[in-house]
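Here are my notes on this one, as numbered points. Have the model open while you read; I start with a pair of helices and then move on to the rings.

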Amino acid sequence: MSTYHHGDLRAAVLAAAGKLIEREGLARLSVREAARRAGVSHNAPYRHFPDRDALLAALAAEGFNLLEKSLHGLSGRELGEAYVGFALAHPQRFRLMFSGQEPRAAEAVLERFTTAFAGLGADARFPAAAAWSLVHGLAHLLVDGHFEGADDFVRKVLGSIRFAIG
């Protein structure tokens, strides 16, 4: 593969790295391999990602941004279904996001759930934490293959408890 100058090198390397981890797992990721798959010289990405940890942190941060977009404006069961759906669509990224790479970014997820539960009147942090714990645990169990992941299954699980607001 020939290399070329890329207009948005950072985005190209992140996209290549994201595809790589989903197809082959986190263990296969290196800055050099992401550069190769992005079609740029192996040294080019090091201005943006000085090492593998920097690339992992950027992938995790990007994952939280993607998750936020998929949850935006949702509440109740739809919020939970979207959360689990994101994990199933991006299982390796989901694992990475909650591996401690971006601990402050996870706080934004709790804030999203807290906002969704604000209409309950009482301190919304507690039902929000309960709901997030449920969907996060369900997502991990599905991603790890403990249940057969299907939209109908997720809807039934979330529907079996009082998850919907109002």
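1. Start with H4 and H5, whose axes are 5 Å apart and which pack at an angle of about 110°. The axes are lines fitted to C-alpha atoms, for helices over the stretch in contact, and the angles run from 0 to 180 degrees between N-to-C directions. H4 is therefore roughly perpendicular to H5 (65 to 115 degrees; under 35 is roughly parallel, over 145 roughly antiparallel, the rest oblique). Helices here are DSSP runs (H or I, at least four residues; strands are E, at least two), numbered from the N terminus.

2. A word on provenance: this is a predicted model, where local features need pLDDT of at least 70, side-chain atom pairs count only at pLDDT 80 or more, and totals for chains, interfaces and linings use all residues. Residues are numbered from 1 along each chain as its sequence is written, and side-chain values use heavy atoms, with hydrogens and water left out.

3. Who touches whom? On the H4 side you'll find Tyr-83, Phe-86, Ala-87, Leu-88 and Ala-89, meeting Pro-91, Phe-94, Met-97 and Phe-98 of H5 (contact means heavy atoms within 4.5 Å). Sorted by type, the residues of this contact are nine nonpolar, no polar and no charged (nonpolar: Ala, Val, Leu, Ile, Met, Phe, Trp, Tyr, Cys and Pro; charged: Asp, Glu, Lys and Arg; polar: the others, Gly among them).

4. Now the rings: there are six aromatic pairs in the structure. Rings of Phe, Tyr and Trp (its six-membered ring) pair if their centres lie within 6.5 Å; planes under 30 degrees apart are stacked, over 60 edge-to-face, the rest tilted. One of the pairs is Tyr-83 with Phe-94, edge-to-face at 5.7 Å centre to centre and 85° between the planes. Tyr-83 sits in H4 (residues 76-89) and Phe-94 in H5 (residues 91-101), so this pair ties together parts 11 residues apart in sequence. Both Tyr-83 and Phe-94 are buried (under 20% relative accessible area; exposed is over 50%, partly exposed in between, with a 1.4 Å probe and protein chains only).

5. Phe-98 and Trp-132 make a tilted pair, 6.3 Å centre to centre with 55° between the planes. Phe-98 is in H5 and Trp-132 in H7 (residues 125-143), so here the parts tied together are 34 residues apart in sequence. Trp-132 is buried at 16% relative accessible area, whereas Phe-98 is partly exposed at 22%.

6. Ring pairs link Phe-64, Tyr-83, Phe-94, Phe-98, Phe-113 and Trp-132 into a cluster.
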